[in-house]
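User: I would like to go through this structure step by step, with the terms defined along the way. Please begin with the definition that the exposure of residues rests on.

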Amino acid sequence: MNGVVVAFLGGFHILAAAAFAFPFELRYAPIMAGMYLWMGFATTFYLHRCLTHRAFETTAAIKAFFFLGSAIGQQGDP
């Protein structure tokens, strides 16, 4: 495998495991919900509906916003 990809994905898993060292605070919930929705809409609307089915067209700024959400969510390249 590509060493860069392994290091990148391994780094995310190490950061996720390190999160258990800190207590959960309720003020994190809106950020978590926002990230969940952003990545979910990026996958369903942008990658699936917009690129796969060509169901709609949108502006370049909205495409960039959803592309970034899919990239951060590691959903693969469009």
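Analyst: A residue is called buried when its relative accessible area is under 20%, exposed when it is over 50%, and partly exposed in between, with a 1.4 Å probe and protein chains only. This is a predicted model, in which local features need pLDDT of at least 70 and side-chain atom pairs count only at pLDDT 80 or more, while totals for chains, interfaces and linings use all residues. Residues are numbered from 1 along each chain as its sequence is written, and side-chain values use heavy atoms, with hydrogens and water left out.

User: Does phenylalanine 8 count as buried, partly exposed or exposed, and why?

Analyst: Phenylalanine 8 belongs to helix 1, which covers residues 3–18; helices here are DSSP runs (H or I, at least four residues; strands are E, at least two), numbered from the N terminus. Because its relative accessibility is 48%, phenylalanine 8 counts as partly exposed.

User: What is the accessible area of the nonpolar surface patch that includes Phe8?

Analyst: Patches are made of residues with over 30% relative accessible area and no salt bridge, like charges being joined within 9 Å and nonpolar side chains (Val, Leu, Ile, Met, Phe, Trp, Tyr) within 5 Å. Accessible areas come from the Shrake-Rupley method with a 1.4 Å probe, and for residues only the protein chains shown count as cover. The patch is formed by Val5, Phe8, Leu9, Phe12 and Leu15, and their accessible area together is about 450 Å².

User: Which residues of helix 2 are buried?

Analyst: An α-helix has 3.6 residues a turn, so residues three or four places apart point the same way. Among what covers the buried residues of helix 2 is helix 3 (60–72), contact meaning heavy atoms within 4.5 Å. The buried residues themselves are Trp38, Ala42, Tyr46, Leu47 and Cys50.

User: What value does phi of arginine 54 take?

Analyst: Arginine 54 lies in the loop between helix 2 and helix 3, and it counts as exposed because its relative accessibility is 59%. Its phi is positive, in a residue other than glycine, with a value near 50°.

User: With which residues is alanine 55 in contact, leaving aside its neighbours within four places in sequence?

Analyst: Alanine 55 is placed in the loop between helix 2 and helix 3, and at 55% relative accessibility it counts as exposed. Leaving those neighbours aside, the contacts of alanine 55 are Arg49 and Cys50.

User: How many salt bridges are there, and how far apart are the closest N and O atoms where lysine 63 is involved?

Analyst: A salt bridge is a side-chain nitrogen of Lys or Arg within 4 Å of a carboxyl oxygen of Asp or Glu, and by this rule the count is two. One of them joins glutamate 25, partly exposed at 31% relative accessible area, to arginine 27, with the closest N and O atoms 2.5 Å apart. Lysine 63 is partly exposed at 25% relative accessibility, whereas glutamate 57 is exposed at 57%. In the salt bridge of lysine 63 with glutamate 57, the closest N and O atoms are separated by 3.1 Å.
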